[in-house]
Amino acid sequence: MNSHRVANPPPPPKPAKFQVSSAAQQSNNASVDQTTQSLANNPFMMNNNSNNNQSHSTPAAASSYTTTAPSPASKPSTLSNNPFLNMKAAPAPAAVPPPQQFQLPARPAPSQYSAPAQQYSAPVPLGQSNFTSDPELSSTSQALSAKFPYFSASEVSTFHRLFSDLDSDNHGWIHQSDLGTVSNKAGEAATSVVEKLQKLKLIVGSDGVTLEAFLAAVSELRRDKGISATANKGKIVLHGSTSENTTHTINEDEKQSFTEHINQVLANDKDIRHRLPIDPLTMQVFGEVKDGLILAKLINDSVPNTIDERVLNLGKKLNTFQMTENNNVVVNSAKAIGCSVVNIGAQDLIEGREHLALGLIWQIIKIGLQARVDIKFHPELFRLLEDGESLEQFLKLPVEQILLRWFNYHLKRAGWGRRVQNFSADVKDGENYTVLMAQLAPHLCDRSPLQTRDLHQRAEQVLQNSDRMHCRKYLSVKTLLEGNAKLNFAFVANLFNNWPGLEKLSDAEKAQLDDSLFNSEGTREARAFALWLNSLGVDPFVNNLFDDLQDGLVLLQAIDKVRPGLVDWKKVNKPAPIASKFKKVENTNYVIALGKELRFTLVGIQGSDITDGQKTLTLGLVWQLMREHVIQTLKSLSKSGTEITENDIIAWANNTVKVRSGKFSSISQFKDPNLRTGVFLLDLLNGIQKGVVDYTMVGPGHAEEDALMNAKYAISIARKLGATIFVLPEDIVEVKPKMILTFVGTLMALDKSGTLNH
């Protein structure tokens, strides 16, 4: 191979629009018409090059996007302070010869793929453009997928995105030396791809490789291995880097449905509507979410006011540092609303790691869907209580179980004999959906689909009924018949949110509801502590603080994170679930013993109190563990390794405000009433990162509304800088000392970590 390079020639003329002849066929066994094909004006992404050699693990929350890996990999810091990844463009081949026809060498086809030897047009250079939404994209990807049946249309668009990022000179091809990342994504070694390209004479000039040439070479390599061209129909299989040795599988239907959701809920957003709609049939969504804006907007759609959008970097083309800031806000805000993002960082989103991005998108959408399946919003859910069941027991049910209870309540009221126990097998024939919708909206829907024998026709009729209710969303005929659990859950949650169909409670019935149900005191702390535990990566995920800690295993994991090596796991009863209360109490007694070693105040607390879910005692224990985490983090960052006290944190904060921010606000303790305005915290943030606060947006904070706006602004800025914050604006305005200590302590740890540009 001639690796000699010369100076880049002028870019070749832009190829004509991609055309597919009427003779082109979709079948794997059909030859494809020899037409000149191009991917001009492909609406993917800006030319943001990034290092694709990071290794990472897949988060549990994204488990449906299957990952197989030999061993866990180390996770790099989410705040790399050198985000400007300047990759020098490589020189181009000396010349690009005119297109020539060539014939792939004939070979016996493997049994799984019986296509005859195919004839390809000579590869045409790849066009490149900025972010737009091009209706031609889908047909282009579909046509290339038909020509190269080993690749789905979504996979074609993924590789186009990678080629576009690497083609910094916009010539329509990349250098052989750049094939490493792209080949790894396809699960092939770069050397094998180069050898196949040379054998098939697909090299442009002396060194150039076009997208079509790459697809042809990889197709031949897969044929050589006897891999079926239809082996992963309906799924997108992407490979990690060689160092990761992982394979990630994405469900194409889910990707399409979630993209349609984004298009719908963000269509009128003033900052991003020009980028919508995103093509749901391609991988465009992973390019669009790189800069963090769409994900930030999606979080605020699911849980309004989570992010103060004044901190977001806007613009058509953000640099990598600006995208990192936006994605810091996204990742830390996602943690704050309950997403599991243990192994997701800002750089993963910037690099377009598809399985991680899609898993995060689903969690954000799900949290938004289930947010109103709550007795505080719908007191009439009280009607779903079963005989002998207390309200407290009902409220501990996961949202999935509440929705199934609601579904069955209406099936029973309709006189229907069947019941649903899941969102897959029990709904995929469409019968239960037919009865549910006829019960919820009898003036719009009837049971006529039950008379249809053909399941495809019945499924379409079911979806037509949902359309009449303005609820045709998430499900397609295909995903309904396949029983996709995620999409069926989303469909049912959307039905509930729009058509709950439960009778309002009478005054007497409302009186039966416990007044404490609507008292938020203590609830915010429990929420913050549960989110903190989840941020440590404990297993199982903590949904209810008082129930999920009763066997002691989550607390022991947290202690092991805060003080590594302190827990002797030989003394622990495991694995979960532990049925025996005696064994649970043994674990929680061990938790109390370790707490005393850590000098926690645990007077009168026994392990049985934790196992019995005693709220006040559980909150007291977890708070001391969370505080210890902050203190130990600060100790590890101090040069002397000495213990850090609350007074030390206060002194650091006051000094930072005075010396580095040049402001005059100060506090004497974490319950100082001056904290309620939010101004001190903003001054502190401005001290650790000069200029990060736009003071034209800061009010005096005397009025409650003004103070809440300041607090919200401070929280979002902290997350933008990379801090994991679980404080709510109300915690600051009400001066909750525990929450404010964690806020200031986390900022001190961030400042001492050296990850910020001062």
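Among contacts in the chain between residues at least 6 apart in sequence, what percentage joins residues at least 24 apart? In this predicted model, the share is 67%. The secondary structure of the chain comprises 29 helices and seven strands, and 55% of its 758 residues count as buried. The chain exposes about 32500 Å², of which carbon and sulfur atoms supply 50%.

The largest nonpolar core holds 170 residues, and the members that touch the most others are Leu360, Tyr433, Leu533, Leu685, Phe743 and Val744. Helix α11, which spans residues 354–370, gives this core its largest share, namely ten residues. Apart from this core lies another, of 27 residues, which includes Tyr150, Val194, Val209 and Ala213. When neighbours within four places in sequence are left aside, the residues in contact with Val744 are Ile649, Trp652, Ala653, Phe670, Leu681 and Leu684.

Helices α14 and α17 pack with their axes 12 Å apart and at an angle of about 10°; because angles under 35 degrees count as roughly parallel, α14 and α17 are described as roughly parallel to each other. The table lists the residues through which the two helices meet.

| Helix | Residue range | Residues making the contact |
|---|---|---|
| α14 | residues 431–440 | Tyr433, Leu436, Met437 |
| α17 | residues 485–498 | Asn488, Phe491, Val492, Leu495 |

Of the residues in this contact of α14 with α17, six are nonpolar and one is polar, while no charged residue takes part. Tyr433, which belongs to the α14 side of the contact, is also one of the members of the largest nonpolar core that touch the most others.

Conventions:
Residues are numbered from 1 along each chain as its sequence is written. This is a predicted model: local features need pLDDT of at least 70, side-chain atom pairs count only at pLDDT 80 or more; totals for chains, interfaces and linings use all residues. Side-chain values use heavy atoms; hydrogens and water are left out. Helices (H or I, at least four residues) and strands (E, at least two) are DSSP runs, numbered from the N terminus. Buried means under 20% relative accessible area, exposed over 50%, partly exposed in between (1.4 Å probe, protein chains only). Contact means heavy atoms within 4.5 Å. Accessible areas come from the Shrake-Rupley method with a 1.4 Å probe; for residues, only the protein chains shown count as cover. A nonpolar core is a set of buried Ala, Val, Leu, Ile, Met, Phe, Trp, Tyr and Cys residues joined through side-chain atoms within 4.5 Å. Axes are lines fitted to C-alpha atoms, for helices over the stretch in contact, and angles run from 0 to 180 degrees between N-to-C directions. Angles under 35 degrees count as roughly parallel, over 145 as roughly antiparallel, 65 to 115 as roughly perpendicular and the rest as oblique. Ala, Val, Leu, Ile, Met, Phe, Trp, Tyr, Cys and Pro count as nonpolar, Asp, Glu, Lys and Arg as charged, and the others, Gly among them, as polar.
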